[in-house]
Structures are given as C-alpha cells and as structure tokens.
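These are my notebook entries on one model, kept in the order in which I looked things up. I begin with the overall picture and then turn to single places.

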Amino acid sequence: MSGTDLRIQKTYAALTQAFTEMLKVKQFEQITVKELCDAAMVRTATFYNHFSDKYEFADYVIRDALARYHKNGSNMQNLSGSAYYEQIISDAFDVLERSKDLIRSLASDSILWSISEVIRSGIHDELLEHLQNDKASGCDLSADPELLAEFIIGALEQAVKWWLTAPSPVSAESLKEQLLRSTLRLVS
C-alpha cells in the first residue's frame, strides 16, 4: 500500500484502528459497517468504494498485518535444514502472539477461512521451493515436496484454529515445540 494515495492510506489506517478497538468489546459478527465507519470517521460510501463487505475488510486487516510482519521479518532464504523449519514455525507464532487478541476476536467460523488462507498464501510458495531444494540437494524427504508442503501448512492451519478456539489450549511455546518436532520428523 506504500504507493497508494495518502488519503487512502489514512482511511485504511483509521478503519483498521477503529476495527481493532471495536473487536476488544464486540464480536466480529456484531460489528456493522456503519458502526465501523462512524468510529473511524469515514463515510460508509467510502468504505464500500474499497471493500464489498466487512468480511473483505477483515481479510484485508489480516493480510496487511502479515505483510507488515514479512516486510520486517527475518531473511528465510539464508537458512537451511532444521533452522529453516524452526524459523518458519517461530515466525508464524510471532505473528499470532503479536496479533493474538485481534485474531482471537476474528476466530469465528465465519472468518476462520480467511485466517487459514492468509497462513497458506503467506508461506506456501517459499516452503515448497525450500522442500524442492532440499530434495535436489539429496535430503531424504518422507514424501514428495508438494505433498509435504500441503501437509505442513495443513497442520499449521489446523493447529492454529484449534489453539485459537479451544477452551484450554496448550501454551504457544508448547504448541510451537510440538509442531517443530513433528515437522522435522517429516523432512529428515
């Protein structure tokens, strides 16, 4: 969004800030576009010029948070072996920890698909390329790189969904350690 008109950037920032504040006191399903626009001091027509509904806006908020994280994140290309997998899982949990309240507020059935898609699109191509490189360099993978990428991402998606919605999930650190151990067994 850096090349976007400054007015649009300010509108998106105001909407995102108002949305984040509203989620602290209301569930996602209870928030209306009109309430959001009033809180952000943005005309409803302006909102609809940019987003078709609140679901598309929530998707934008999640993707924007992930994009900002990746922009400031570590350089995964320089990592290899278990360090790469440890970093990818650690990065995913760093995003979750920093945005836990926002994501938990959005973790209803109606928006979980968006969170999953953000996870998937954020790491799929990079993970697949890394697995293909591992295989080409002689690593004995437990399955084809394409299948392993889907398996690892699916495991992350489901574990995160469970962690966000379970009444008493394990700690983030414990989940991160268990996912890493499981992933390393698949790729070594």
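In what order do the elements of the protein chain run from the N terminus on? I read them off as α-α-α-α-α-α-α-α-α, and the secondary structure comes to nine helices and zero strands, where helices (H or I, at least four residues) and strands (E, at least two) are DSSP runs numbered from the N terminus.

Before going further I noted that this is a predicted model, in which local features need pLDDT of at least 70 and side-chain atom pairs count only at pLDDT 80 or more, while totals for chains, interfaces and linings use all residues. Residues are numbered from 1 along each chain as its sequence is written, and side-chain values use heavy atoms, with hydrogens and water left out.

**Entry: the chain as a whole.** I found that 41% of the 188 residues count as buried, a word I use for under 20% relative accessible area, with exposed for over 50% and partly exposed in between (1.4 Å probe, protein chains only). The accessible surface comes to about 10,500 Å², of which 51% belongs to carbon and sulfur atoms; such areas come from the Shrake-Rupley method with a 1.4 Å probe, and for residues only the protein chains shown count as cover. Among contacts (heavy atoms within 4.5 Å) between residues at least 6 apart in sequence, 63% join residues at least 24 apart.

**Entry: helix α1.** I followed α1 over residues 6-23, and its 18 residues reach 26 Å from the first C-alpha to the last, close to the 26 Å expected at 1.5 Å a residue, the expected span being 1.5 Å times one less than the number of residues. The buried residues of α1 are Thr 11, Tyr 12, Leu 15, Thr 16, Ala 18, Phe 19, Met 22 and Leu 23. They lie on the same side of α1 because they cover an arc of only 170 degrees around the axis, taken from the directions from the helix axis to the C-beta atoms. The face turned away from that buried side carries the exposed residues Leu 6 and Lys 10. At the N-terminal end I found Asp 5 as a cap, with a side-chain oxygen 2.6 Å from the backbone nitrogen of Arg 7.

Entry: The buried residues of α2 are Val 33, Leu 36, Cys 37 and Ala 40. Their arc is only 95 degrees around the axis, which puts them on the same side of α2. Met 41 sits in the loop between α2 (33-40) and α3 (44-50), and its phi is near 55 degrees, a positive value in a residue other than glycine. Met 41 is exposed, with a relative accessible area of 77%.

**Entry: aromatic rings.** I counted rings of Phe, Tyr and Trp (its six-membered ring) as paired if their centres lie within 6.5 Å, with planes under 30 degrees apart as stacked, over 60 as edge-to-face and the rest as tilted. By this rule the count comes to twelve aromatic pairs. Phe 19 and Phe 28 form an edge-to-face pair, 6.1 Å centre to centre with 85 degrees between the planes, and both residues are buried. Tyr 84 and Tyr 85 also pair edge-to-face, at 5.2 Å centre to centre and 90 degrees between the planes. Ring pairs link a cluster whose members include Tyr 12, Phe 19, Phe 28 and Phe 47.

**Entry: His 130.** Is His 130 buried or exposed? His 130, placed in helix α7 (residues 109-136), is buried, with a relative accessible area of 10%. Not counting residues up to four places away in sequence, His 130 touches Leu 79, Ser 80, Gly 81, Tyr 84 and Tyr 85, and of these Tyr 84 and Tyr 85 are both buried as well.

Technical notes:
Polar contact = N/O pair within 3.5 Å; in protein donor to acceptor, adjacent residues only side chain to side chain.
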